[in-house]
Structures are given as C-alpha cells and as structure tokens.
Amino acid sequence: MHKGDMVKKLLYALITILAVLVFNYILFRVLPGNPLAMMMRNPRATEEVIEGIRRFYGLDQEWYVQFFTYFRNLFKGDLGISFVFKAPVSQVIAARILPTLLLVGIAELIAIAVGIGIGIIAAWKRGSKLDVGTLGFSLVTYSVPTFWLGMIMLVIFCVGLRLFPTSGMFTPGKSFATTAAMLHDLLRHAVLPILTMSLVLIGEYALTMRNTLIDVLSEDYIVTARAKGFRERYVLFKHALPNGLLPMITIVAINIGFVVAGAIQIETIFSWPGLGRLMYEALNARDYPLLQGIFLLVTVSVVLANLLADITYSYIDPRVKN
Amino acid sequence: MHWSLRKKRILKFLFAVRKNKMALTGAVVLAAFILIAIFGPVFMPFSTLDFGEVEDILNPPSPKHLLGTDDMGRDVLANLISGARISLMIGGVATAISMGIGTLIGIVSGYFGKAVDNALMRFTDFFLVIPWLPLMMVLAAILGTSLWNIIFVIGITGWAGTARVVRSQTLSVKERQYVERAISVGAGSGHIMARHILPNVFPLVFANTVLVAAVAIVSETTLSFLGLGDPTTASWGMMLHYAFESGSTSAGAYWYYLPPGICVVLVVLSFTLLGYAFDEIMNPKLRKR
C-alpha cells in the first residue's frame with residue numbers, strides 16, 4: 001500500500017469515528033423522545049444524579065456550548081454517570097470488558113481454526129458428503145437466531161444433561177482454595193457460551209475458506225504446479241493455501257459487527273457478566289448514559305478493528321502493497 | 001426493454017428456479033408460511049386473547065391444545081399462527097423500506113458519480129461498519145417500542161449492502177449505448193434513472209431482497225427477544241421473549257420455546273436458500289461445471 005493510501009485510510013477511519021461521536025450526540029440529545037428529559041423524570045434518579053447530568057451536559061448553556069462540553073468530556077474519558085449503578089459509566093464498563101474479551105476471543109480462535117480446517121477439506125474434496133454437509137451446516141447456522149441457539153444449548157446441556165451450570169462466570173458465593181479450582185469453575189461456566197459463539201461463526205468461516213480455495217485452485221499457477229508433478233497435498237499446502245488464507249482476514253474483520261450482536265445475545269442467555277449483558281441490562285432499565293457509553297465503545301472498537309484488518313491485509317498481500 | 005422480451009426472461013428465470021432444488025424448496029416453504037399468515041387466523045380454534053384459567057397455564061400438547069398452552073394459559077398454536085402474520089408483515093415492510101433506500105442511494109450515487117458518489121458512499125460505509133444490533137437497540141430504546149418503530153428501525157439500518165451492489169451495477173449500465181442515446185435526445189437525469197437504469201438493476205435488487213428479508217426477520221426476532229418488541233403484538237420474537245422470561249426452558253416446556261424458533265429458522269432458511277439459488281442462477285461464474 002502506498003503511503004498516501006495509508007493516510008487516506010487513517011483519515012477515513014478518523015472521520016467515521018467523528019461521525020459516530022456526532023451521531024451518538026444527535027441520537028441521545030436531539031431525537032424525539034429526548035432521553036435526557038426521560039432520565040430526569042426517572043424516579044430512580046436521585047437529586048445528585050440529576051445535578052450530575054445537568055453539569056455533564058451543560059444544560060443551562062447554548063446548544064453549541066453543550067456540544068463542545070460533550071466532546072471535551074469524551075476526550076477526558078468521562079461518559080457520565082449510570083443511574084442504575086450510581087457510578088461513572090467508564091468504571092461500570094471497564095469492569096465488564098474482560099469477560100467479553102475472554103468469551104469472544106476464545107470463540108473466535110476456535111471458529112477460525114475449525115472453519116479453516118473444514119473449509120480446506122471441503123474445497124479439496126469438492127462435491128463430497130463433507131462438502132455438501134458444510135454448505136448445509138453454514139446455511140442452517142446462518143438462519144438460526146443466536147439467542148435461540150443459546151436457549152437450545154442451555155436446555156440440552158444444562159437442564160437435560162446437567163453437565164454445566166446455567167448462568168454466570170463463577171459459582172456465586174464460592175471461595176476457591178487454589179487457582180486451579182477457580183479456573184476449573186470458570187471453565188465449566190464458559191464452555192457453553194464459547195461453544196455457542198463458535199458454532200455461530202464456524203459455518204461462515206468454513207464456507208469462505210472453501211470458496212476462496214476453490215477459486216485459487218483454478219488459477220494457472222496451480223495447474224503449473226500440478227504439471228510439474230508435485231504431489232496434490234504439496235500443491236494444496238504450499239501453493240494454494242497461502243493465497244487462500246488472505247481473504248479470511250477480511251471476513252473476520254467484516255464479521256466483528258456480527259460477533260458483537262452474538263455476544264449481546266449469548267451473554268444475555270447465559271448471564272455472562274460482560275459488555276453484552278450489560279448493554280441488555282442498560283436497555284431494559286433505560287439507563288441512557290450507560291447505553292450511550294457502551295454503544296460508543298463498541299462502535300469505535302469495530303471501526304478500529306476494521307482499520308487494523310485493512311492495514312494488516314496490505315502488509316501481508318504483496319499484490320495490494322505495490 | 002420490450003415487454004415480450006422481459007416476459008421471456010421472467011419465464012426463463014422461473015424455469016431455472018423450478019429446476020434448482022434449493023430455490024424450489026425455499027419457494028415452497030415460504031409460500032406455505034405466507035398462506036398461513038394470510039388465511040391461518042380464519043381457521044384458528046382459539047383467539048390469542050383467550051387467557052385460560054389457572055389450570056391452563058403451561059399445559060403440554062393435548063387434543064384440545066395441539067401445541068399446548070403458554071405461561072398465560074393461551075393456545076400456543078393460535079399465537080404461532082397470528083405470529084406468522086405479524087413477523088412476516090414486519091419483515092416485509094422493513095425489507096421494502098431497506099430496498100427503497102438502498103436502490104435510491106445506489107442509483108443516484110452510481111449515476112451522478114464524483115462528489116455525490118463520494119459523499120453517498122461514505123455515508124453508506126458508515127452504516128456498513130456500525131454494528132447493527134447495538135445500533136438497532138439504541139434506536140429502538142430511544143424511539144419507543146411500537147410496531148411501526150420496530151419496522152422503521154430495521155428498515156433504516158439494513159440498506160447499506162444493497163446500495164453498494166446497486167451502485168456498482170449502475171456504473172456499468174450507465175455506460176451502455178441506449179443511455180447515451182437517451183441523453184443525446186435530451187432526456188433528464190430523473191427519466192434516465194427511472195426508465196433506463198432502474199429496470200436494468202432490478203434483477204439484482206430482486207435477488208438482494210431475499211437476503212435483506214432474511215436479515216429483517218432475524219432482526220425482528222432478536223429485537224423482540226431483547227425486550228424491544230411491541231408488547232401488544234404476538235410476533236414469534238415476542239413469544240420467545242415471554243418463553244425465556246417465564247423460565248419455560250428450565251420448566252421443560254418445549255412446546256412453548258421450540259415452535260416459534262423453528263418457524264423463524266424455516267422462514268429465514270427459505271429466504272437464504274432462495275438467495276443462494278438466485279445467486280447461482282444469475283451469476284454464470286457460480287454455475288456447476
């Protein structure tokens with residue numbers, strides 16, 4: 001990638017983030033229904049919280065002053081005060097980031113590894129039972145609402161087989177003698193949410209891998225490699241795979257929005273104490289400052305992740321680099 | 001395009017659909033659900049407002065209630081059938097809104113090019129990159145939970161992909177000779193976009209519609225499940241919401257939480273199958289060798 005292109009990409013990402021900030025402001029301040037007015041009327045909001053909101057938004061000032069107050073606060077990392085938790089939004093959110101990263105991170109790694117594996121075999125044995133099965137599997141997982149899949153997993157493994165606990169991250173009120181015991185408890189709670197998340201992703205990754213690899217396998221240089229008399233396995237792993245893997249980076253990046261949606265639903269079903277569950281709680285309590293804070297964090301992270309994938313791609317693929 | 005030529009094309013397309021097993025399965029299942037949505041409520045033995053007595057709560061399937069009763073003593077089958085109407089209606093109208101916005105932005109962007117294109121595509125990218133579920137949750141929370149708000153929220157978040165696809169097709173269509181001829185005889189931009197470009201991007205819009213519809217149905221279900229549906233209507237998503245909230249999963253009331261989910265999967269799967277098959281029929285590259 002040229003330096004100019006890189007600057008352009010960074011600039012676009014920056015503009016998108018700015019647009020997200022403005023959009024967020026408009027959404028919560030200008031749109032009919034005025035959430036702020038609702039916050040003030042909320043019976044759970046104490047005098048202290050209302051005063052906090054008033055100060056935070058600079059309500060007694062002109063709209064442009066309010067707008068800059070909002071931006072200044074954001075850059076200081078001040079997202080307002082949650083009126084359910086009665087604590088700064090940034091603190092409430094920070095405590096929930098790790099569980100979500102744990103869930104999403106491990107599920108992504110599993111899904112990418114398994115998806116690539118299945119995709120390779122499906123492409124290699126095109127038209128076989130496994131290939132048709134992969135297509136069927138991904139079409140079905142694409143069509144199943146994530147939360148419902150979670151419910152079914154819960155019914156089968158927790159209620160029916162009683163293999164795993166139904167909710168949370170740790171057994172409540174339990175104290176652990178050793179770190180190993182704690183990890184074991186965590187693992188028992190984490191298996192189902194992670195498994196559900198992986199199931200949702202594997203189909204798409206496998207299908208993408210399969211389709212790219214089939215495309216690559218029809219390229220001239222593969223024909224050449226075969227003509228040279230290389231073994232089929234050698235051609236597949238040394239010639240086809242390196243190029244076939246590239247689009248996976250893009251797909252994983254594009255999918256992040258989908259993963260966020262999945263995390264919200266899965267965390268809700270399994271009461272996993274992460275950001276997704278927090279967003280669900282904020283939504284149902286109509287805790288607007290908290291909802292706004294999570295929305296902002298999630299959106300900006302997704303924009304940055306896409307930028308990162310773009311840059312990584314251009315470094316790895318020499319055809320894009322030049 | 002001359003009418004008889006277009007008719008021939010449509011017949012050819014329908015023939016291809018009939019020959020394609022996936023498309024045929026999708027079409028048949030979908031048709032069945034649409035018929036149920038339209039005529040089902042007429043044959044329903046119970047009203048969705050028939051709240052039973054205390055002993056009618058969460059009863060398993062029986063000859064009287066074929067799919068049992070829910071946590072409020074209502075017939076699950078009756079709710080399922082009336083849910084078909086609401087879910088398909090929400091999905092349909094939201095899809096129409098998305099396709100309208102997407103097609104308009106795509107054609108205008110592709111046709112005018114330059115600054116207009118640049119501005120509209122940045123706007124489109126913005127909607128493509130923002131994670132859809134948080135956006136919908138935030139919008140629905142602010143606008144309030146009514147049937148039309150849900151439709152609106154799903155409709156205005158789902159158009160970006162369509163706009164992209166329509167734009168690229170418009171770019172190629174506008175270079176064709178008949179467009180140049182229309183310009184040279186003095187046709188206005190509006191006329192060219194409506195009369196020459198729209199009919200030519202239409203097959204693509206049509207193929208995209210089924211994919212957008214699949215997303216719209218899943219979105220409705222998910223939003224309703226998260227508590228953002230209209231509490232006065234019984235869509236499949238609302239049924240699943242109440243099923244989960246009432247603890248039917250741990251109570252083993254499979255007749256309550258399974259049927260709405262299966263219906264959603266079947267409808268979305270048939271849309272997906274149709275979309276996949278349309279892609280195969282229209283895109284010669286993907287045809288089986």
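Leaving aside neighbours within four places in sequence, B:M238 is in contact with B:S224, B:G229 and B:T233, where contact requires that the C-beta atoms of two residues, placed from the backbone, lie within 7 Å. B:M238 belongs to helix α10 (residues 236-245) of chain B, and helices here are DSSP runs of H or I with at least four residues, strands being runs of E with at least two, numbered from the N terminus. The model is a predicted one, in which local features need pLDDT of at least 70 and side-chain atom pairs count only at pLDDT 80 or more, while totals for chains, interfaces and linings use all residues. Residues are numbered from 1 along each chain as its sequence is written, and chains are lettered from A and ligands numbered from 1 in the order in which they are written.

**B:M238 and its surroundings**

- B:M238 counts as buried because it has 25 C-beta neighbours inside 10 Å; a residue is buried if 20 or more other C-beta atoms lie within 10 Å of its own, exposed if 12 or fewer, and partly exposed in between, with C-beta atoms placed from the backbone.
- Between B:M238 and B:T69 there are 169 residues of separation in sequence and 15 Å in space, taken from C-alpha to C-alpha.

**Chain B as a whole**

- Chain B contains eleven helices and zero strands, and its pattern along the sequence reads α-α-α-α-α-α-α-α-α-α-α.
- The C-alpha trace of chain B spans about 75 × 45 × 35 Å along its principal axes, and of the 289 residues in chain B, 46% are buried.
- Among the contacts in chain B with a separation of 6 or more, 70% are accounted for by residues 24 or more positions apart.

**Helix packing in chain B**

- Helix α4 (residues 114-129) of chain B packs with helix α7 (residues 160-173) of chain B at an angle of about 140 degrees, their axes being 8 Å apart; axes are lines fitted to C-alpha atoms, for helices over the stretch in contact, and angles run from 0 to 180 degrees between N-to-C directions.
- α4(B) and α7(B) are therefore oblique to each other, given that angles under 35 degrees count as roughly parallel, over 145 as roughly antiparallel, 65 to 115 as roughly perpendicular and the rest as oblique.
- The crossing of α4(B) and α7(B) is left-handed, a term used if the near helix is turned anticlockwise from the far one by less than a right angle, with right-handed used if clockwise.
- On the α4(B) side B:T124, B:F127 and B:L128 take part, and they meet B:A160, B:A163 and B:R164 in α7(B).
- The residues of this contact of α4(B) with α7(B) comprise four nonpolar, one polar and one charged, where Ala, Val, Leu, Ile, Met, Phe, Trp, Tyr, Cys and Pro count as nonpolar, Asp, Glu, Lys and Arg as charged, and the others, Gly among them, as polar.

**Helix packing in chain A**

- Helix α9 (residues 220-227) and helix α10 (residues 232-254) of chain A pack at an angle of about 150 degrees, with axes 10 Å apart, and α9(A) and α10(A) are therefore roughly antiparallel to each other.
- The crossing of α9(A) and α10(A) is right-handed.
- A:Y221, A:I222, A:A225 and A:R226 of α9(A) make the contact with A:V235, A:H239 and A:A240 of α10(A), and the residues involved divide into five nonpolar, one polar and one charged.

**The contact between the chains**

- Chain A contributes 36 residues to the contact and chain B contributes 33 residues.
- Each of α1 (3-29), α6 (129-143), α7 (146-160), α11 (256-269), α12 (275-284) and α13 (288-316) of chain A supplies at least two residues of the side that touches chain B, and the largest share, seven residues, comes from α13(A).
- The side of chain A that touches chain B consists of 26 nonpolar, nine polar and one charged residues.

**Nonpolar core**

- The largest nonpolar core has 146 residues, and those with the most contacts inside it are A:L291, A:I294, B:M136 and B:M137; such a core is a set of buried Ala, Val, Leu, Ile, Met, Phe, Trp, Tyr and Cys residues joined through C-beta atoms within 7 Å.
- Helix α9 (residues 189-228) of chain B gives the most to this core, with 18 residues.
- Not counting residues up to four places away in sequence, A:I294 touches A:I93, A:L275, A:L278, A:M279 and A:A282.
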